[in-house]
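Here's a quick briefing to read alongside the model. Have the viewer open as you go.

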Amino acid sequence: MSNPYCRAIIGKNFGDEGKGLATNFFCKKYSSNLVVRHNGGAQSGHTVETPDKRFVFHELSSGSLQKADTFWAKTYHPDLYKLSEEVNDFHALYNFIPKIYGDVNSYVTILDDVFINMSLENKRGNSRHGSCGMGIYECDLRSKLGFGITIGDFLSLMHKDLVNKVLDIRDSYTYKHLENLGLNKNNMGEYYELFNDKIVLHNSLEMMLRNCELIAPVENTSKLFGNYEQVLFEGGQGLLLDEALEEYLPNVTGSRTGLYNPLLICKEAGITLNEAVYVTRSYVTRHGNGKLPHECDKENLGLTSIDSTNIPNEWQGSLRYATHGNKDEFMKYVDQDFSSCTDKLQKTLFVTHLDTTQNKILMKDQALSVDMFIDCFDSIYCSDSRFDAYLL
């Protein structure tokens, strides 16, 4: 086995920074890549574009166009129900299916999680947290309380056993959880009917079992990682949505979005993380409710193009815009995240959407050239197109 080069792709802000572009870019540099999805789940939407095609990745890695394999770490919550849709769409466009590995201990989302998530967001009305409605937080909460269902369960149990397992979880946990949340027949609407429909339960688990056939189970990450030249950790959400960042509660995600998971996974696999890549647009965006410092109208930033990945939707509303603060604010959470690592680690900046801001980073009171940050990072990559990047 070899010692792969390990690189973590981390969104610097609230998501939508260009992590997909960065992942695809760095996968071009090696002939064999394993991209690790390590936080969140299918709610992420990472876009990779070429001059003639574009694809939005949810559970497959954004390195898939470079024939990179995908690995779901045990800290990732896959959605087996939706997986085949993405795989089929990818195959129709590119005529191959990427290899997908899954840690047998990874907890999967089930429809119960989705129904609760959607119902709870609807109940919040104008005070929505900005969730995607994909059930990631509910899956994480349920699993941490001892009621999780893993990839290993789907590989070892029959359909009837999985049905009974979900029914047992409902009796031991879910019904009480609904009561504590104040969710019932009167305010859940159609989700209450779907939740109690046994046919929906049977059909969803049958679909998940079929889709599990697309997954190669992994019990030893060290052995898997040693087969690749590069192991790249593709973060699912931005650094400012980390569940441990109290300043932005409750409008955060139910996962660790920075270096925490990559460092933990590398340690368990007996390998070293070599580089942390912090990705940012030349300005800042945010979906849904929550604090957004220096928020302004899109037009104030001089932006006119339509972001076809982030169109307004029922769950997160319209994309919001802001400038960065001053240089200290720009670096604050990067330095805070980076300080969690005691090993020698390269710190890299990756700036996207520079073509929309005249190759400047938009700050609160001025526009700065990218080279103004050369003293803060070991290296800087710039992207002034939707397809590629270059080293400053």
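Which are the buried residues of helix 1? They are Lys19, Gly20, Leu21, Ala22, Thr23, Asn24, Phe25, Phe26 and Cys27. Buried here means under 20% relative accessible area, with exposed over 50% and partly exposed in between (1.4 Å probe, protein chains only). Helices (H or I, at least four residues) and strands (E, at least two) are DSSP runs, numbered from the N terminus.

A word on ground rules: this is a predicted model, where local features need pLDDT of at least 70 and side-chain atom pairs count only at pLDDT 80 or more, while totals for chains, interfaces and linings use all residues. Residues are numbered from 1 along each chain as its sequence is written, and side-chain values use heavy atoms, with hydrogens and water left out.

**Helices**
- Helix 1 spans residues 19–27 and is mostly covered, with nine of its nine residues buried.
- Histidine 177 sits in helix 6 (residues 159–181) and counts as buried because its relative accessible area is 10%.
- The histidine 177 side chain makes a polar contact with the side chain of glutamate 138 at 2.8 Å; such a contact is a pair of N or O atoms within 3.5 Å, where within protein one must be able to donate a hydrogen and the other to accept it, and residues adjacent in sequence count only if both atoms are side-chain atoms.
- Setting aside neighbours within four places in sequence, histidine 177 is in contact (heavy atoms within 4.5 Å) with Ile116, Glu138 and Leu141.

**Second largest pocket**
- This pocket has a volume of about 410 Å³.
- Of its 22 lining residues, Leu259, Tyr260, Leu263, Asp337 and Ser340 are the closest to the centre.
- Helix 11 (260–269) and helix 12 (327–338) are the elements that give two or more residues to the lining, and helix 11 supplies the largest share, five residues.
- On a 1 Å grid over the protein atoms alone, a pocket is an open set of points with protein on both sides within 12 Å along at least five of seven lines, and lining residues have an atom within 4 Å of a point.
- Grid points are joined across faces, edges and corners, and the volume is the space filled by probe spheres set on the points.

- The peptide bond from leucine 249 to proline 250 is cis, with omega near 0°, and proline 250 is in the loop between strand 8 (230–238) and helix 11.
- Glutamine 358 has a positive phi, near 55°, and is exposed because its relative accessible area is 64%.
- Asparagine 359 also has a positive phi, near 60°, but is partly exposed at 38% relative accessible area.
- Glutamine 358 lies in the loop between strand 13 (346–352) and strand 14 (360–362), and asparagine 359 is in the loop between strand 13 and strand 14 too.

**Salt bridges**
- The count comes to 18, each being a side-chain nitrogen of Lys or Arg within 4 Å of a carboxyl oxygen of Asp or Glu.
- Arginine 7 and glutamate 275 pair at 3.0 Å, N to O; arginine 7 is in strand 1 (residues 5–11) and glutamate 275 in strand 9 (residues 275–281), so the pair ties together parts 268 residues apart in sequence.
- Both arginine 7 and glutamate 275 are buried.
- Glutamate 49 and arginine 386 form another salt bridge, their closest N and O atoms being 3.0 Å apart.
- Glu247, Lys291 and Lys332 are linked in a network of salt bridges.

Note on methods: On a 1 Å grid over the protein atoms alone, a cavity is a set of points where a 1.4 Å probe fits but cannot get out, and a pocket is an open set with protein on both sides within 12 Å along at least five of seven lines; lining residues have an atom within 4 Å of a point.
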